[in-house]
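These are my notebook entries from an afternoon with one structure.

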Amino acid sequence: MPSVLVIAAHPDDEILGCGGTLARHTAGGDVVHLLIVAEGATSRDPNRDFGSRESDLAAIKAAASRAAVVIGAEAPHMLGLPDNRLDTLPLLDVIKHIEAIVEAVMPEIIYTHHAGDLNVDHRIVHQAAVTACRPLPGSSVRAIYAFETVSNTEWQSGGDPFRPQRWVDIEPFLESKRRALEAYAAEMRPFPHARSREAVEALARVRGAAVGLAAAECFMVVREVVR
């Protein structure tokens with residue numbers, strides 16, 4: 001069974017972007033690993049202050065762990081890099097952090113952010129993930145797929161738009177995605193915000209209807225190698 005690694009910028013991105021697909025992977029016997037790069041809390045402060053956000057950071061880590069259990073994934077790797085400040089770090093440092101996890105879990109399939117998202121952390125994580133998973137001889141990675149993230153991907157105003165090339169039927173796993181998002185209740189917003197439960201389900205329904213399915217998640221194919 002293939003090993004899967006999600007490389008996400010923030011806690012909840014992994015569920016918003018591909019939670020149903022991940023639940024489908026684990027239901028089929030695949031091992032799913034989660035790598036969350038930024039800590040997800042301190043961007044709300046003028047200066048990054050771990051002390052004042054200690055309880056928030058602990059709650060976010062607990063939420064990520066609960067969401068992983070719901071979809072059947074392994075316990076998440078959380079790097080804790082500066083939230084919404086990844087552009088203040090040398091890109092090479094972010095790449096090396098990701099490389100270490102890739103080398104440890106030897107994934108065949110990678111899911112990560114779309115390169116054109118509005119959020120700067122999403123764009124940097126995409127670039128770092130693709131670099132860390134470059135197709136060197138002997139690499140375990142045979143496929144990289146980019147997911148869309150509500151309240152980011154559709155809000156970008158320039159660059160390459162998200163153009164779906166791969167649809168995954170998640171209708172049997174939509175309830176798992178809903179329950180995983182419940183773990184991140186503090187990060188969700190009331191409808192009609194794009195990051196609401198209703199909007200997430202609506203997107204799944206629209207994406208599915210585009211190809212004759214009841215619900216789907218979509219991806220852009222960054223690389224796909226057939227061996």
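Here is what I looked up, entry by entry.

**Ground rules.** I noted that this is a predicted model, where local features need pLDDT of at least 70, side-chain atom pairs count only at pLDDT 80 or more, and totals for chains, interfaces and linings use all residues. Residues are numbered from 1 along each chain as its sequence is written, and side-chain values use heavy atoms, with hydrogens and water left out.

**Entry 1: aromatic rings.** A pair of aromatic rings is described by the distance of the centres and the angle of the planes. I wrote down the cut-offs: rings of Phe, Tyr and Trp (its six-membered ring) pair if their centres lie within 6.5 Å, and planes under 30 degrees apart are stacked, over 60 edge-to-face, the rest tilted. How many aromatic pairs does the structure hold? I found three.

I looked at Y111 and Y145: the ring centres are 5.7 Å apart and the planes stand at 40°, so this pair is tilted. Y111 lies in strand β4 (residues 109-113) and Y145 in strand β5 (residues 143-147), so the pair ties together parts that are 34 residues apart in sequence. For elements I used DSSP runs, numbered from the N terminus: helices are H or I with at least four residues, strands E with at least two.

Are these two tyrosines buried or exposed? Y111 has 2% relative accessibility and counts as buried, and Y145 is buried with 3%. My cut-offs were under 20% relative accessible area for buried, over 50% for exposed and in between for partly exposed (1.4 Å probe, protein chains only).

Next I checked Y111 with F219, a tilted pair with 5.1 Å from centre to centre and 50° between the planes. F219 sits in strand β7 (residues 216-224) and Y111 in β4, so this pair ties together parts that are 108 residues apart in sequence. Ring pairs link Y111, Y145 and F219 into a cluster.

**Entry 2: T21.** I found T21 in helix α1 (residues 13-27), and at 2% relative accessibility T21 counts as buried. Which residues does T21 touch, leaving aside neighbours within four places in sequence? I listed Y111, V168, I170, E217 and F219 as its contacts, where contact means heavy atoms within 4.5 Å. The side chains of T21 and E217 are joined by a polar contact of 2.6 Å. For that term I need a pair of N or O atoms within 3.5 Å; within protein, one must be able to donate a hydrogen and the other to accept it, and residues adjacent in sequence count only if both atoms are side-chain atoms.

Entry 3: On a 1 Å grid over the protein atoms alone, a cavity is a set of points where a 1.4 Å probe fits but cannot get out, and lining residues have an atom within 4 Å of a point. I found one cavity of 30 Å³ or more. The largest cavity has a volume of about 80 Å³, a volume being the space filled by probe spheres set on grid points that are joined across faces, edges and corners. Its lining includes L16, G17, E148, K177 and E217. Which element gives the largest share of this lining? Helix α6 (197-209) does, with four residues.

Notes
1 Å grid on protein atoms, 1.4 Å probe; cavity = no way out; pocket = protein on both sides within 12 Å on 5 of 7 lines; lining within 4 Å.
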